[in-house]
Amino acid sequence: MVHVMNVNKRSSIRKQLNFSVDVYRFDDYLGHHQTRDMTLDGAFIDNCARKLYPGDLLELHFHVQDDERNPLWLRATVTRSTGEGVGVVFDYDVQEYRQLLNTISTYASDGHMRNIPGFWYLNSSVN
């Protein structure tokens with residue numbers, strides 16, 4: 001598992017990415033929500049504070065394409081909960097990390113991810 005976020009400092013740039021995400025806590029489906037922003041470390045999920053507290057473990061299914069042959073599933077831990085939603089930090093393995101990098105690189109609103117410090121695009125041939 002990779003767990004890279006320091007709660008007080010982000011190790012990558014926050015990007016406004018509005019993905020639909022299904023949120024699960026163990027077998028409990030908590031609903032369909034929207035991300036407000038994402039980094040390589042975590043995300044803020046709008047309107048998802050219902051009964052969630054720092055330390056809660058979640059599974060997130062991000063809907064990033066119309067054709068989801070390779071859906072983005074990530075495990076996450078709630079770091080903060082507000083009236084507006086929850087902040088989460090991702091827990092992922094190497095393959096999930098590559099998929100997250102590719103997703104953020106592809107869907108960043110400015111389309112210039114490869115030129116921004118802190119972001120790198122990886123393809124499946126990278127070891």
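User: How many aromatic pairs does a search of the whole structure find?
Analyst: Five. Rings of Phe, Tyr and Trp (its six-membered ring) pair if their centres lie within 6.5 Å; planes under 30 degrees apart are stacked, over 60 edge-to-face, and the rest tilted. This is a predicted model, where local features need pLDDT of at least 70 and side-chain atom pairs count only at pLDDT 80 or more, while totals for chains, interfaces and linings use all residues. Residues are numbered from 1 along each chain as its sequence is written, and side-chain values use heavy atoms, without hydrogens and water.

User: What geometry do Phe-62 and Phe-90 have?
Analyst: Edge-to-face, at 6.1 Å centre to centre with 85° between the planes. Phe-62 sits in strand 4 (residues 57–63) and Phe-90 in strand 6 (residues 85–91), so the pair ties together parts 28 residues apart in sequence. Strands here are DSSP runs of E, at least two residues, numbered from the N terminus.

User: Is Phe-62 buried or exposed?
Analyst: Buried, at 0% relative accessibility. The cut-offs are under 20% relative accessible area for buried, over 50% for exposed and partly exposed in between (1.4 Å probe, protein chains only). Phe-90 is buried too, at 1%.

User: Which aromatic cluster is Phe-90 part of?
Analyst: One formed by Phe-62, Phe-90, Tyr-92 and Tyr-97.

User: Other topic: what does pLDDT average over the chain?
Analyst: 76, with 72% of the residues at 70 or more; pLDDT is the predictor's confidence in each residue, from 0 to 100.

User: Where does pLDDT stay under 50?
Analyst: Over residues 1–8 and residues 111–127. Where pLDDT is low, the predicted coordinates should not be read in detail.

Definitions and conventions. Contact means heavy atoms within 4.5 Å. Helices (H or I, at least four residues) and strands (E, at least two) are DSSP runs, numbered from the N terminus.
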